[in-house]
Amino acid sequence: MNIPEHAPFSEPQRSALNQVLPTLNAQQTTWLSGFLAGAQSASGNPAPAAIAAPTARIPLTILYGTESGNAEELAAQAKKAAAKKGFDAKIADMGDYKPANFGKEENLMVIVSTWGDGEPPDRAVTFYDFVMGDKAPKMEQARFSVLSLGDTSYEKFCQIGKDFDKRLEELGGKRFHPRTDCDLDYEPPFNKWLDGALHDLAELAKPTVATNGASAATLAPAIEYGKKNPFPSELKERVLLNGRGSKKETIHVELSLAGSGLTYEAGDALAILPSNAKEDVQAVIEAGKFNTEDAVAAPDGSEGPLNEVLTQYYDITGLTKNIVKKYNDLAKSDELTALLANGAKEKLQDYLWGRQLCDLLVDHPVSGLNAKEFVGLLRKMPPRLYSISSSMKAHPDEVHLTVAAVRYNTHGRERRGVASTFLADRVSIGDTMPIYTHHNKNFKLPADSDKPIIMVGPGTGVAPFRSFLEERAATEAKGKNWLFFGDQHFLYDFLYQLELQSYMKDGVLTKLDTAFSRDQAHKVYVQNRMIEKGKDIYAWLQDGGHFYVCGDASRMAHDVHEALISIHETHGGLSRDDAEATVKQLQKDKRYQRDVY
């Protein structure tokens, strides 16, 4: 097609365009359309508005349940993609969703993560119990599809998504696209699921929907740093926080964000993409009797020597049931088969505890195992998320972390945490490492800065609360701040002691209560201090206060939760059931938030 004479181009321009345009393929034409639209927008001259989508659009509710924010982020992406395809899409957090609307849904996407030992995210518990219970409505008129997020290192992988998928079918719903279960590298399967789900739903609802005649040219993507393109951040500072004599190794790390365009808020996390220690790589190569220089494929399809690919791209320390199962397809070991059998869960857990991939290779060797075949069993190196311990208002071009270096000995081998020792040992000051910021909307300071906050953060759990205090100091927030901090020894393990004392002196930190468990005959923990100060905690919460917990999920967070219920029983005069309901309401109102791991 030639450029017409009435088009706003000179004769030489028309001639040049008429020569170039016919040579472009569809991809090049689409890219050029997006590039011109983006350039026009950046110049302050917005492109003409696209033809409005018709009013008769397919209704779609995208319901998400999230713990760390991943499901919420994917729900937002799904809504955006659905809107582009003409759907009337809306998203809803399970924590805010009204159960009365559930039975009215026509088209439903569920995006939900699994937490801990097959449990729903905190804010999704009430809705999950409703859907699984007897009061859930029939869903004969509803179509649905489920995306579940999880981690194959856990026994009940993606259990909550599986539960929703099964229950919606039991209630009479019709599955318009199969459920997809995602491991830590969830974006590729999410994109495939979303494309398929939107296509299948559009096909089913085609008779009721008019098509949009507007062009679907895609904007050329701007180059920006993020999960798909991590920023090479320079390590500026690394300080050991524990005193001499401590059994712990906690480091304060400062990384540069200058030129990255990355932003974060207090309560967000930073993703680190580590590399494996050479000792761990060598242990795997020796255990499998591989050749270091064997060419193998990286996750992106490129090839390289085995030692380099294992160092940079694959998880070679994590040993899970899923890995054992895939490996046993090659090993055909009677012992492994017995461990994988139904009813052998405890025996399998006993074997997995403290062992890594190299142990599996030694314990159950496969004669002539091919390096390429072996790499095909592995999963991509997952990023490690750390709670950010700084405020961007206090450090505009930096991000700080508080990291416990993990080192231990099991089954005759020295072990090390991949990311923690990467930060502690394998990156020098001035070196760079790939990072990106991860936004967590479920762990945020109150919108009203006059509200008081209570923070419980033992050990490295103090990290986000350092960012909270920096943020409140930088913004001159009027709200009161109370920190409960705990560790083993006052002399060795009082992390950020001088900073916290300075905040006390300046009035930023209103109260500071500590629990050093090994400094007396009987162990004292943060939950014990909470009970001691229960009357004041209750008063702060009655005054509109917000309550935060960060740290160990398996024991500390549970004990703190129980202490909070007990405080409401004792100082609120409530029954156990009413105290539990009150604490649950605090969670629903986002006045009780947890960042636990």
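Predicted model: local features only at pLDDT ≥ 70, side-chain atom pairs only at ≥ 80, totals over all residues.
How far is the sulfur of cysteine 182 from the closest cysteine sulfur, and in which residue does that neighbour lie? The first legend gives the answer.

View 1. Residues are numbered from 1 along each chain as its sequence is written, and side-chain values use heavy atoms, with hydrogens and water left out. The closest cysteine sulfur to that of cysteine 182 belongs to cysteine 158, 6.5 Å away, too far for a bond. A disulfide is taken here as a pair of cysteine sulfur atoms within 2.5 Å. By this rule the count is zero. Cysteine 182 is buried, at 0% relative accessibility. Buried means under 20% relative accessible area, exposed over 50%, and partly exposed in between (1.4 Å probe, protein chains only). Cysteine 550 is buried too, with a relative accessible area of 0%.

**View 2. The whole protein.** The protein holds 21 helices and 21 strands. Helices (H or I, at least four residues) and strands (E, at least two) are DSSP runs, numbered from the N terminus. Of the 597 residues, 48% are buried. Take the contacts between residues at least 6 apart in sequence: 75% of them join residues at least 24 apart. Contact means heavy atoms within 4.5 Å.

**View 3. The six-stranded antiparallel sheet.** The sheet is open, and its six strands run in the order S12-S9-S16-S7-S8-S13 with antiparallel pairing. Two strands pair if DSSP finds at least two bridges between them. Strand S12 (384-387) and strand S13 (398-404) are the edge strands, each pairing on one side only. Neighbouring strands are turned by 40 degrees against each other on average, direction ignored. Within the sheet, S7 (residues 231-240) and S8 (residues 250-256) share five bridges in the antiparallel sense. Valine 239 has histidine 252 in S8 as its bridge partner.

**View 4. The five-stranded parallel sheet.** This open sheet has the strand order S19-S18-S17-S20-S21, with parallel pairing. Strand S19 (511-516) and strand S21 (592-596) stand at the edges; each has a single partner strand, so one side of each is left without a neighbour in the sheet. The twist averages 10 degrees from one strand to the next. S18 (residues 481-487) pairs with S19 in the parallel sense over six bridges. Tryptophan 482 stands opposite lysine 511 in S19.

**View 5. Helix H15 on the sheet and against H17.** H15 lies across S17 (453-456), S18, S20 (546-551) and S21, and runs at about 150 degrees to S17. Axes are lines fitted to C-alpha atoms, for helices over the stretch in contact, and angles run from 0 to 180 degrees between N-to-C directions. H15 (residues 463-474) also packs with H17 (residues 497-506), at an angle of about 35 degrees and with the axes 12 Å apart. The crossing of H15 over H17 is left-handed, meaning that the near helix is turned anticlockwise from the far one by less than a right angle. Arg466, Leu469, Glu470 and Ala473 of H15 meet Glu499, Leu500 and Tyr503 of H17. These residues divide into four nonpolar, no polar and three charged. Ala, Val, Leu, Ile, Met, Phe, Trp, Tyr, Cys and Pro count as nonpolar, Asp, Glu, Lys and Arg as charged, and the others, Gly among them, as polar.

**View 6. The buried side of helix H7.** In H7 (residues 278-288), the buried residues are Asp280, Val281, Ala283, Val284, Ile285, Ala287 and Gly288. They pack against helix H8 (306-313), helix H12 (357-363), helix H13 (371-375) and strand S15 (413-416).

**View 7. The S14-S15 hairpin and its turn.** S14 (residues 407-410) and S15 pair in the antiparallel sense over four bridges. Tyrosine 408 has arginine 415 in S15 as its bridge partner. The two strands form a hairpin with two residues between them. Histidine 411, in the turn, has a positive phi of about 50 degrees, although it is not a glycine. Its relative accessibility is 42%, partly exposed.

**View 8. Glutamate 476 in a loop.** Glutamate 476 sits in the loop between H15 and S18. Its phi is positive, near 55 degrees, in a residue other than glycine. Glutamate 476 is exposed, at 61% relative accessibility.
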